[in-house]
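Here's a quick briefing on the fold below. Have a look at the chain first, then read on for the layout.

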Amino acid sequence: MVGPVRPQIVLFGSSIVQLSYSDEGWGSILTNLYSRKADIILRGYCGWNSRRAVQVLDTIFPKNAVEQPSLVIVYFGGNDSIHPHPSGLGPHVPLEEYRENMKKIIIHLKSLSKKTRIILLSSPPVNEAQIHETFSNILGPLKRTNESCRLYSEACLDLCHDMNVKAIDLWSALQQRDDWSDVCFTDGIHLSHEGSKIVVKEILKVLDDADWNPSLHWKSMPNEFAEDSPYDPVAIDEKTNVNVSNWNFQKNFEWEKALCISKSSNGHHQFEESAVTNQQGLYLRSRKVFEMTLGKSYQVYEHKCCVFYCCVKKISTRIVFIIKII
């Protein structure tokens with residue numbers, strides 16, 4: 001065990017979970033967002049169906065563990081939905097059995113602790129033409145269709161409704177994009193970066209809406225070792241330190257509110273609240289320091305703990321972290 005003990009968020013499922021760190025996947029995005037806040041634990045197994053998942057529940061989620069997860073995000077169903085093979089081999093699980101298996105998984109996870117929360121991901125759609133192009137030389141005729149994914153997705157969502165468990169309708173969410181079949185997959189089944197961004201957006205939406213105490217949304221969770229320190233980088237005034245514990249270097253927050261820029265009645269640009277402003281801003285030590293540093297060409301704006309400047313001539317925006325960025 002490595003300390004300090006952080007909340008655990010477990011990703012449990014088949015290949016869409018195992019590969020969630022590939023191609024800037026949704027697992028890697030979550031890990032970046034929750035750095036210094038929670039440990040993201042990957043338990044993904046390519047090719048698995050719900051039947052295999054039930055067999056290892058006690059091994060992966062022992063009830064006598066000292067620390068139980070705060071959140072488990074579960075995905076099974078895509079492999080279950082593959083059409084049955086005449087030989088009886090393969091991952092297919094009949095729809096009713098799939099529903100019972102997912103019910104067993106939910107019951108087991110609920111029994112771990114009162115603090116353990118659960119989110120289920122339903123089966124996403126697939127690009128059948130891309131599957132055929134990618135896998136036909138390995139797996140033979142197409143055995144996985146968008147229609148079968150829909151049936152298993154609906155079964156998952158119905159079960160979660162009956163058991164009062166949070167669920168995300170990935171089958172519908174991905175298809176909100178007009179070009180979903182072209183951009184959301186790497187091979188017709190597994191998610192590209194564009195597909196993963198949709199998954200993250202939907203997960204954060206559930207976490208933001210959930211009435212859970214404590215909240216498990218990354219913006220609501222404290223950073224580890226966030227106290228001020230004389231060892232922090234020295235600010236531009238050469239007299240104070242810059243607490244960088246809350247910096248987040250994720251390039252894009254496309255799954256959150258975008259940085260909004262509007263013009264006020266006095267003609268100055270103003271910045272509205274967003275994930276970017278909340279996460280990348282730093283405490284303002286001295287407004288005068290910024291004004292002297294940036295000069296007359298820039299307008300300086302305060303937003304809570306954030307400081308921004310706008311280059312009026314180029315109508316562009318940048319973020320200042322005490323240290324001048326050009």
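Residues 24 or more positions apart make up 68% of the contacts in the protein chain with a separation of 6 or more, a contact being heavy atoms within 4.5 Å. This is a predicted model, so to speak of local features takes pLDDT of at least 70 and side-chain atom pairs count only at pLDDT 80 or more, while totals for chains, interfaces and linings use all residues. Numbering starts from 1 along each chain as its sequence is written, and side-chain values use heavy atoms, with hydrogens and water left out.

**The chain overall**

- Secondary structure comes to 12 helices and 10 strands; these are DSSP runs numbered from the N terminus, with helices being H or I of at least four residues and strands E of at least two.
- Of the 326 residues, 46% count as buried; buried is under 20% relative accessible area, exposed is over 50%, and partly exposed is in between (1.4 Å probe, protein chains only).
- The accessible surface is about 17,000 Å², and 51% of that belongs to carbon and sulfur atoms; areas come from the Shrake-Rupley method with a 1.4 Å probe, and for residues only the protein chains shown count as cover.

- Strand 1 and strand 2 run parallel over 6 bridges, with I9 opposite I40 in strand 2.

- Strand 3 (residues 71-75) is mostly covered, with 5 of its 5 residues buried.
- That goes for both faces: L71, I73 and Y75 are buried on one side, V72 and V74 on the other.
- Strand 1 (residues 8-13) pairs with strand 3 in the parallel sense over 5 bridges, and G13 stands opposite Y75.
- Strand 4 (residues 117-121) is also parallel to strand 3, joined by 5 bridges, and here V74 faces L120.
- Strand 3, helix 5 (residues 95-110) and strand 4 form a right-handed β-α-β unit; right-handed means that, with the strands pointing away from the viewer, the path from the first strand over the helix to the second runs clockwise.

**Helices on the sheet**

- The buried residues of helix 7, among them C149, Y152 and L159, pack against helix 5, strand 4, helix 6 (128-139), strand 5, helix 8 (170-174) and helix 9 (180-183).

**Backbone spots to check**

- Cis peptide bonds join G3 and P4, with omega about -10 degrees, and N213 and P214, with omega about 5 degrees.
- P4 sits in the segment before strand 1, and P214 in the loop between helix 10 (193-209) and strand 6 (261-263).
- N164, in the loop between helix 7 and strand 5, has a positive phi near 55 degrees without being a glycine, and counts as exposed at 71% relative accessibility.
- F225 isn't a glycine either, yet has a positive phi of about 55 degrees; F225 is exposed, with a relative accessible area of 54%.

Note on methods
Two strands pair if DSSP finds at least two bridges between them.
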